[in-house]
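I'll jot down what I look up as I go.

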Amino acid sequence: MPRLRVVRRLIRRSLRERYIRLEVLSGKDLKVPSQRIPAGIYISINVDSRRCWKSAISVLSSEESAVWADTVTLSPQASPAFSVEIRASYEADRMLGSGQLIGKLQLSWHDLLNHGDEPFKLSFPSVRGVHPSLTLKVAVVHACDDALSDSFIDCKIDRDTDAAHARLAKYAKRKRVSHLKAAVQHFQLVLDQCPVSHPDHAAALTNLAWARLGGYIRNDLQGIDATTSLFREALALRPQHHPDHPLYLYNLSEALNWRHDKESTAADIREAAQLYHELLPLCQEGTCLRSIAAGKNGVDYVIGRCNDLPIDASEEGICLRRVVLELCPQGHQLRPRALDRLAWALRPRFTQHGNIDDLDESIQYLREAVSLCLEGHSDPAYHLNNLAYSLGLRFDHQGKPNDLDEAISFYEEALHRRPVGHEYRDTSLDNLGQALITRFNKHEDIDDITRAISLHREALTLRPPGHPRRDTTLNNLALALDTRYGYEELDVSEGLDEDLNEVIDLCRESLRLTQLDHPERHRVLWSLSSTLLSRFTHTRKNEDVEEAITLCQESLAALTSLHPDRCFSYGWLKNAYLSRYRILHDPADLALAVENLRLASRHPTQGFPARLVNAYDWTVTAEDYSHASALEAYATFFELLDGHLATRSSTISRREAAAAFHYARLLPVDAASCAIRCDNVRHAVELVERGRDQQWSLASRLKTPVEDLASANPKLAHNYLELSKLVSNAAQDSTTITDRAAADLAATKFRKLMEQWEAAVAEIRSLQTFSRFLLPPLYADLQAAARHGPIIILIASKYSCSAIIVPTSGDPHHVPLSSITLADLKTLKDRFTRAIRHASRMDPAETRTDLIVLLRTVWDEIMLPIVTVLENVLKRKRHSRIWLCPTAAFTSIPLHAANPFLTRADRSKEPCLEDLYICSYTPTLSALIRSRQIMKKRATPSFVAIGQGQPGAGRGKALSAVDSELELVHELVPATANRTTISGDAATRAGALEALEENTWVHLACHGKQDPAQPYDSHFVMRDEHLTLLDIMDKHIPHAEFAFLSACHTAVGDEQTPDEVIHLAAGLQFSGFKSVVGTLWEVDDAVAKHIVKAFYTYLFHPKEVGVMDPTKAAWALNCATHAVKKKVPLEQRMVFIHIGV
């Protein structure tokens, strides 16, 4: 004991001569008594109850720790003891008062020095169940380098603030209301001393607000509105970039959250979401503010409550959903729900306004939600149903078959996950049933409608009377039964009345249960109207049709002017008026039916497929009842089909979209027939061209030359070309995508680019001289195709068959073909097919009697009336050129080979068509014009002969004459041309494509196959892979001039799309070849060489050494077929035709 006193005396003597350097390293378990989030934590050292040093304010971490590494040098001579305080500061910059005390320790200098030079920990009294601690380090030094600086100025405002914090801490610990009231009173005194202009006004507002909020949370105080206003006023004084701005955002959001929690005010939680959206990016990772704001009581609470809000499809509501989704990054447990809620908000906006972007975006979010749920986040059946429903909506709007197939697949999966007994099985049954009805309407598979009825009946048993959604299932079952009834067309004696009455009863009960403000009520009205019309058709009871009309009018009244479903209401109303017209024959009903078809076809917010159906119905109705609007109806259909196909990014998808309207494939010729009957032959030319050239014109529009535009407005031309390139690249990229989600994104990107492209086109059209830029050509434009000879368009319509001759100048000439009908042409086509097949098995020397009879019919019934006009009216000279442009059934008939096969009295032969004229074909007038436009620039001729006589295994039999044909061609082509030959192993798909791009003249000798069902898959057979029509169309070869296709079926057209000629020869013409020789059926390679030899002999005449003129190809082919009559049988001479210039 005496020894210890000696040591202490020595230390005291030493300290009188030295200083103590104290380093504050870190703190742990730093809980704030009031549970309020501080701006930071600081350390205060007090001597004789006066603060002599204050550390920097350190941000509290998510683990409730802080780091300082601050150092202070102190003199122990002033007093034998001192105190260390841990305090919470609620301001990051200027402090009001000393903040809230977390812990305080009284220490002597000896207590510090006992720890030596190593860091040591000081533990403070418990706060909220844990002991705060500090880690310090101390050393004795001989000099004082630090000048103690403490800016703390003791004043009444600070004392009142500290007193208030002390009372609040007691309230937090002991829950006595008196402590709370005292704290509020002191904070109010401080605020009274800090007017608006005072620099501490914001801090005073916040302190008072937090005290009041604490009391509100524990139900000890009321008046949350005033408290929230205090927080809001304080935030206004702490704008962006102020160091306290994030904390003040949190303060206000916390007040809003509590008010919402107690009073369920939706506006509060919406505002809180916006505040968190601003707050979280400002919170540093690892901080206490970040961990609490991003935790379950912070942003997760806001997200959850926002997800529980009713769906709001307004701009404000969708904006909120976007904010909530951004608050749920990848991996967040609430992200699937946020995705679903945003998708749900976008979908009703689509149904109200018809903007496909909303639906596409909705599907994108639902796909992600499904993928997250399949990874185990939650039950995926709910999200599968929602995704399937949205895909079904898009199918209805856009008509993409993949959407319907995918929707049914997802509905099936959802139903599988909801077995018998599942509380939501009824929903999955109903949804799948509806999708199957839709598929049945497309494909008429009776299994679909039978299963749909079964599903709806099961759903109805799960929704007994009193169930809130029984009305929906009743309506769906009624729709399914009505659909089956319409398909089966049962006779009255077989239970018609019974079936219809059941459907009507179901519809009436559904309507009775459906509330007047239900968003789907108009659909129930349609269903009842439809079944009443069905009954009216059979019973002719006027009250049924009257009620049906009233129901349709009520459905219209329930929908806003831009609601997409108005299109269907117009359609149902048309059905009602037309049904009544068929019975009562009142012209007013017909007029009303047509007017509703017009409105349905032109309803701007409905998708193209539904409007196209109505436009087609309009054409049929106008034709059936001789209504004056027929031409308008046809023009509307073609305009809508243009728009519909333009939404498809690829050539194949455009054809598939057109093929969905296969029943309208003869509409171009029907439209032309209508125009002819209206004595408007010019318009007939325009209509048939517009209807038949859609695929080619859409594919070529991005390649349109803009030299004239570039001269007039270089900036517009450059912008157009750049956008065309972007659209083209996007289209090509989309063809390789197999993932459905990625395909959706690609389609959206393509559509956005197309909108920009269309805006650029509209700007170009604003220039007076370019007002018809890329618009369907007028007759005056189309007549340019006849610059070097008349074009004969052959119209094969169910209403009439005729020809239109477009002369070099002047009006077109109509040539009635009154002795032949569309049915006759179809019969003639079939007879030609059989005759050619029979001839191929005959000896070459045998007479082709069947073919002769058929060609004589073609001459007498079709070509003779045309020749008469050419000779007598147009005074066309012999051996001049004409172009044939066949449509519909005419495309399968060898018109160029028409022959009377008559012998005159002087034993001379009556001339046939090819004796009179040099015949060429053209798929459309525009195709011929396009070929002539790019003929203006000619490159140095180069000739490639491509042959493949030994295709790969399974790709066809060997063609023994190919190599000799290639040698023959090589000999006949002028030596002045750059001649190359590709055959054998070198004749691959890639090699052939490269050769097509690099040469101006091409000869192809190989197998060729036309695919009538999928014409873009038509191909030439190469060594490795097929060279398809699509491969050729993807190439742009403006310098190309001539191609000879010594292959089978290279000029036979498509069977599905609306009367368009899509074949290999047309594809080569589209890609740039101005003049093409193709074939109509199978070529015998053993005799084809005779045609080839004669053709090139005439084309490259010895008197014109080195001249390679593609415009002579038609003449050379005409001469060749005459020259080989004795060597080549009739069907093999007829097989070759010329297309192009």
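**Entry 1: a serine tucked inside**

I started with Ser428, which counts as buried because its relative accessible area is 0%, and the cut-off for buried is under 20%. This is a predicted model, so I keep in mind that everything here is computed. I found Ser428 in helix α16, which covers residues 425-443. Then I looked up what Ser428 touches, skipping residues up to four places away in sequence: the list is Asn385, Ala414, Leu415 and Arg418.

**Entry 2: another serine**

Next I went to Ser931, which sits in helix α37 (residues 925-933). Is Ser931 buried or exposed? I get 2% relative accessibility, so Ser931 counts as buried. With neighbours within four places in sequence left aside, I list Gln1069, Phe1073, Lys1074 and Val1141 as the contacts of Ser931.

**Entry 3: two loop residues**

I wanted some loops too. Arg238 is in the loop that links α6 (224-236) and α7 (245-263). I noted that Arg238 counts as buried, since its relative accessibility is 10%. Leaving out neighbours within four places in sequence, Arg238 is in contact with Pro199, Ala202, Ala203, Asp244, His245 and Tyr248.

Thr704 is my other loop residue, between α29 (694-700) and α30 (707-712). Beyond its neighbours within four places in sequence, Thr704 is in contact with Tyr720, Phe773 and Leu774. I also looked up Thr704 against Ala557: they are 147 residues apart in sequence and 46 Å apart in space, going C-alpha to C-alpha.

Time for strands. A reminder to myself: strands of a sheet pair through backbone hydrogen bonds, either parallel or antiparallel. Strand β2 (residues 40-47) is mostly covered, and I count eight of its eight residues as buried.

Which residues of β2 are on each side? On one side I have Gly40, Tyr42, Ser44 and Asn46, and on the other Ile41, Ile43, Ile45 and Val47. Both faces are covered, as these residues are all buried.

Then I followed the pairing. β2 goes with strand β5 (residues 81-89) in the antiparallel sense, over seven bridges. In that pairing, Gly40 has Ser89 of β5 as its bridge partner. β2 also pairs with strand β3 (residues 50-54), again antiparallel, this time over four bridges. There I see Asn46 opposite Arg51 in β3. The hairpin of β2 and β3 has two residues between the strands, and Asp48 there takes a positive phi near 55°.

**Entry 4: a three-strand sheet**

Further along I looked at an open sheet of three strands, ordered β17-β18-β19, with antiparallel pairing. The edge strands are β17 (1008-1009) and β19 (1026-1028), each pairing on one side only. I checked how β18 (residues 1019-1021) joins β19: three bridges, running antiparallel. Within that pair, His1019 stands opposite Thr1028 in β19.

**Entry 5: the cores**

Which residues touch the most other members of the largest nonpolar core? I found Ile862 and Phe1095, out of 292 residues. Helix α35 (residues 849-872) gives the largest share of this core, twelve residues. Another core lies apart from it and has 34 residues, including Leu22, Val32, Leu60 and Leu122. Not counting residues up to four places away in sequence, Phe1095 touches Phe1042, Phe1044, Val1077, Ala1113, Ala1116, Leu1117 and Ala1120.

**Entry 6: a cavity**

Last stop: holes. I find two cavities of 30 Å³ or more. What lines the second largest cavity? My list reads Ile356, Asp360, Arg394, Gln398, Lys400, Asp744, Ala747 and Arg751. The elements giving two or more residues to that lining are α13 (356-374), α14 (380-398) and α32 (740-765). The largest share, three residues, comes from α32. By type, I sorted the lining of this cavity into two nonpolar, one polar and five charged residues.

Methods:
Residues numbered from 1 in each chain as written. Predicted model: local features only at pLDDT ≥ 70, side-chain atom pairs only at ≥ 80, totals over all residues. Heavy atoms only, no water. 1 Å grid on protein atoms, 1.4 Å probe; cavity = no way out; pocket = protein on both sides within 12 Å on 5 of 7 lines; lining within 4 Å. Points joined across faces, edges and corners; volume = space filled by probe spheres on them. Nonpolar A, V, L, I, M, F, W, Y, C, P; charged D, E, K, R; others polar. Buried < 20%, exposed > 50% of the residue type's maximum accessible area, 1.4 Å probe, protein only. Contact = heavy atoms within 4.5 Å. Pairing = 2+ DSSP bridges. Core = buried A, V, L, I, M, F, W, Y, C linked by side-chain atoms within 4.5 Å.
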